[in-house]
Amino acid sequence: MATCPRAQAAPASPERVRRGAYLARAGDCTACHTAREGQPFAGGLPVATPIGRIYSTNITPDLETGIGRYRGDDFVKVMREGVAKDGHRLYPAMPYTSYARLSQEDLLALYAYFMQGVKPVRNPNHPTQLSWPLGVRSLMAVWNALYFKKGEYTADPNKSALWNRGAYLVQGLGHCGECHTPRGVAGQEKAVSEQNGRHYLAGATLDNWQASPLTGDRVTGLQAWSKDELVEFLRTGRTARVAALGVMAEVVGKSTQYLTDQDLMAIAEYLKSLPPSHDEGQGHADSARQASAASAATLALRVGDTGMRGSRVYLDNCNACHRSDGSGANRTFPNLAKNEAVNAKDPSSLIHIVLAGSSMPSTQTAPSAFAMPDFGWRLSDAEVADVLSLVRGNWGNHAAAVSRDEVGRVRKTLAIQ
Amino acid sequence: MVDIQQPPVDAVLVGFGWTGAIMGMELTEAGLKVVALERGENRDTYPDFAYPRIADELTYGIRHKLFQNLARETLTIRHSPRDRALPYRQLGSFLPGTGVGGGGVHWNGQHWRVLPEELRLKSHITERYGKRFMPDGMTIQDFGVSYEELEPYFDQFERVCGTSGKAGNLNGTIVEGGNPFEGQRAREFPLPPLADVYGASLFASAAKNLGYHPFSEPASNASRPYTNPYGAQLAPCNFCGYCERFGCYRYAKASPQTTILPVLLKKPNFELRTQSQVVRINLDSSGKRATGVTYLDAQGRTVYQPAELVVLCAYQLNNTRLLLQSGIGKPYNPATGQGVVGRNYTYQMTGGVLVFFDQDKPMNPFIGSGAGGQVIDDLNGDHFDHAPLGFIGGGYIGVIQTGGRPIQQMMLPKGTPQWGAPWKQAIKDHYLYTVNVQTHGTVMAHRDNYLDLDPTYRDVFGQPLLRMTFDWKENDIRMTQFVTTKAKEIAEAMGGKSIEVKMKQFGEHYDTRIYQTTHNVGGAAMGEDPRSSVVNRFLQAWDAPNVFVMGSSVFPQNIGYNPMGLAGALAYWSAQAIRTVYLKTPGPLVPA
């Protein structure tokens with residue numbers, strides 16, 4: 001309930017505010033705009049980016065320290081152009097590059113929510129000061145001119161309403177590309193939709209988390225996933241075979257678990273339409289189960305044979321949950337056989353979870369937040385490399401071995417964090 | 001002198017183990033604002049039971065990391081009213097828990113119901129054998145609730161836990177492979193039985209050949225991935241051998257953490273405060289109504305929490321102690337036989353037969369689960385004619401292989417040196433090749449076995465300790481000798497090369513040093529007569545209608561089975577009475 005005068009002429013209806021609340025969840029605004037232990041949307045979270053640390057701002061309707069003085073079109077300008085009310089340019093850490101796709105109606109619903117549905121909190125913004133020349137915000141105008149594709153989402157008349165809704169969500173509020181699309185030299189996403197090239201949602205690494213390809217790749221992408229599995233994953237952070245890890249677990253927990261069934265199916269519809277983005281060569285006909293059961297690794301581990309490199313580490317640390325055939329347990333411990341994250345080109349996610357652990361999100365429909373414990377305290381870089389190489393090279397997995405140096409690099413970054 | 005006064009709530013739960021979690025869930029679903037006060041720390045699978053650190057027998061099994069710290073709070077124990085009670089300074093016979101989840105974290109998961117006749121034991125024995133069959137001094141009673149009334153609540157708790165097993169009596173039809181003696185079930189177990197280890201299958205064959213009816217022990221260690229009615233999930237047990245005394249790293253053991261807390265802790269009308277030691281239930285000037293509780297917070301400040309409803313979920317010993325300290329109900333006096341709070345304290349009678357095999361039969365004891373195994377119920381309850389035998393009660397017999405941990409679970413022949421070369425040789429000869437056929441049976445209530453407050457010793461908060469007066473009585477020794485002798489016959493038929501019987505002897509006193517289950521029961525007996533019970537059949541205190549007492553505290557004597565299944569069912573049963581009757585019309589649910 002606002003006690004400050006609103007810049008808008010008339011208060012928005014409760015339905016519009018509710019709609020805005022839903023959209024804010026879909027957009028996961030809270031992920032950046034709510035600090036740890038902070039008040040909702042009051043800002044102050046330090047976001048690590050490749051160009052330095054950027055602090056999120058207070059977007060509660062507080063008049064002095066928040067956006068309480070914003071009118072509807074001020075808000076729209078932020079989202080469509082990346083320009084604040086006072087004219088300063090935002091860094092694309094605030095993904096206006098994706099939110100620009102939103103319809104006017106959705107933007108005004110979001111505005112209504114932030115003005116009327118959020119409690120005003122006094123919290124002055126922590127200044128973000130990057131070093132020269134990055135600190136010169138007006139240079140963002142140049143970056144935008146080169147790389148920012150403006151414009152609302154326009155429906156493709158050749159596709160279904162469901163597909164278009166999915167594209168709208170993925171490209172806009174979902175801002176999936178901000179993590180899942182590889183970036184160029186200036187930090188720009190290499191593609192912003194399926195229209196401009198094979199790079200869209202082709203996978204990227206941020207902060208030692210590898211955001212998987214969401215394209216139709218067989219080994220590392222979504223080719224083996226059904227639409228139902230995708231919906232299940234976004235709703236609960238888990239499927240029969242795999243689990244959300246790292247940052248994606250948070251995304252599910254704070255955002256996608258709240259989407260309607262229809263919106264989740266739309267996202268699945270759109271993502272499953274994307275062709276492969278990498279050349280992965282010929283496939284192996286075995287199903288995941290066949291591959292792992294027949295594997296020499298399984299047979300050796302089952303009898304406690306530690307001849308294979310990494311097998312002693314696997315038996316002492318991983319076997320208890322993931323089992324000698326890597327199969328884990330249905331909907332609880334991920335199956336490592338033919339697992340997309342296990343086969344990722346970039347093993348940094350894998351190294352990250354072995355060193356620091358990870359947990360599934362607790363969601364409304366799947367409240368158990370299964371946790372994989374951390375092993376960094378116990379395993380050396382060589383041991384982590386060996387066990388990951390074993391996992392990546394057996395049970396039907398054909399991904400490259402992992403080196404000690406790669407592990408060491410990730411470990412060092414974690415220590416800094 | 002109160003430092004902090006909290007705003008009032010609808011219900012306060014004292015203690016937050018299994019019954020606390022069950023009542024928390026039930027009462028919040030009824031729309032109440034609920035606060036749970038737990039004296040111990042917060043605990044969760046991660047990080048507290050994380051692999052591999054939890055698989056540390058010394059820390060958890062021997063140094064009792066998860067259990068109550070006796071240096072702060074304990075009880076005194078004596079064998080008879082003529083003795084002087086001394087503090088229980090080292091955990092041995094029973095292991096009280098503490099912390100969020102309580103005993104639900106470190107139990108084995110052996111999840112039984114109750115035999116129908118045990119709920120009305122006094123009436124049943126009187127009907128079948130006559131009143132004089134019960135020896136002088138034995139004070140067994142009826143519970144005041146029937147098996148039929150509780151059946152849906154047994155089922156409910158089993159579904160929450162994902163209990164693994166095979167029904168033996170489905171709606172009156174005896175089903176092959178299950179327990180033919182069990183009280184009837186409306187439906188099958190939620191999960192199929194755990195796989196048998198070799199020793200269990202040898203026991204089952206031997207028992208069957210002797211005419212008994214072996215079946216899988218009901219186990220709240222999941223045999224498959226499972227989702228319970230609350231949406232919480234369990235993973236399947238992998239027989240790691242670190243069950244009782246340990247938290248489960250694998251989300252396979254049913255505990256409050258795995259089955260209830262993922263949902264309960266997120267409810268807006270639920271609040272958990274840990275490191276909050278309740279020292280008193282406060283009563284109004286009439287002494288007939290609780291106004292709330294007083295507790296000490298982590299900083300040692302005295303806090304008053306007003307509440308409309310007080311539910312004691314603090315474990316049998318603490319529940320009884322709080323009732324005595326708060327003046328709810330008349331304390332029991334063994335000399336006069338008057339009074340109710342503290343009477344009918346009982347325990348569990350155990351025995352066993354070790355079977356040593358040749359080295360061509362590896363038992364692999366390290367393949368352990370908390371509750372997987374084969375058992376027989378033929379010699380429990382009143383399943384056999386007691387008339388010529390001169391005792392009442394019985395027990396189950398079986399092989400339940402919980403692990404082969406090196407410090408505590410090394411089963412070696414009597415007389416083996418405790419160290420050195422001969423000890424090492426004995427381990428080589430026997431470690432892999434030994435099983436224990438255990439017996440687990442009833443203890444009947446006796447007028448000299450009871451609880452009260454100690455006149456001398458106090459805890460770290462200055463409160464008098466609970467005093468336990470308990471010793472074995474002839475009836476139960478007679479029972480265990482009978483049942484364990486039968487177990488010996490089965491053991492001899494298992495194909496081992498030698499056996500060794502461990503059985504209590506007449507005149508033997510209760511030895512608090514040796515672990516014998518944490519199945520302390522009684523002290524706040526339930527019943528239909530306020531002259532011999534503390535709570536009515538809905539677990540509501542006769543003397544204060546807004547106080548309810550949970551757990552095994554309410555058992556007027558112990559049953560042959562492990563008590564948790566019955567304690568859980570009674571909690572759901574009581575909650576149902578609170579939700580459907582009490583909340584609409586607060587007051588006594590049963591006329592006094």
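The largest nonpolar core holds 272 residues, and B:Leu13, B:Val14 and B:Val311 touch the most other members. Helix H13 of chain B, residues 564–582, gives the most to this core: eleven residues. In general, nonpolar side chains tend to be buried together in soluble globular proteins. All of this is read from a predicted model.

Take B:Val14. Which residues does B:Val14 touch, leaving aside those up to four places away in sequence? Its partners are B:Leu37, B:Val278, B:Val293, B:Val310, B:Val311, B:Leu312, B:Cys313, B:Ala314 and B:Leu322.

Now chain A. It has 17 helices and six strands. Its C-alpha atoms fill a box of roughly 75 × 45 × 40 Å along the principal axes. Why does the radius of gyration of chain A, 23 Å, agree with a compact globule? Because a compact globule of 417 residues would have a radius near 22 Å. Of the 417 residues, 49% count as buried. Among contacts in chain A with a separation of 6 or more, 64% join residues 24 or more positions apart.

The two chains also meet. The contact takes 18 residues from chain A and 17 residues from chain B. Helix H14 of chain A, residues 311–322, supplies the largest share of the chain A side, with three residues. By class, the chain A side that touches chain B divides as follows.

| Class | Residues on the chain A side |
|---|---|
| Nonpolar | ten residues |
| Polar | seven residues |
| Charged | one residue |

Conventions: Residues are numbered from 1 along each chain as its sequence is written. Chains are lettered from A and ligands numbered from 1 in the order in which they are written. This is a predicted model: local features need pLDDT of at least 70, side-chain atom pairs count only at pLDDT 80 or more; totals for chains, interfaces and linings use all residues. Two residues are in contact if their C-beta atoms, placed from the backbone, lie within 7 Å. Helices (H or I, at least four residues) and strands (E, at least two) are DSSP runs, numbered from the N terminus. Ala, Val, Leu, Ile, Met, Phe, Trp, Tyr, Cys and Pro count as nonpolar, Asp, Glu, Lys and Arg as charged, and the others, Gly among them, as polar. A nonpolar core is a set of buried Ala, Val, Leu, Ile, Met, Phe, Trp, Tyr and Cys residues joined through C-beta atoms within 7 Å. A residue is buried if 20 or more other C-beta atoms lie within 10 Å of its own, exposed if 12 or fewer, and partly exposed in between; C-beta atoms are placed from the backbone. The radius of gyration is taken over C-alpha atoms; the globule rule is 2.2 Å times the number of residues to the power 0.38.
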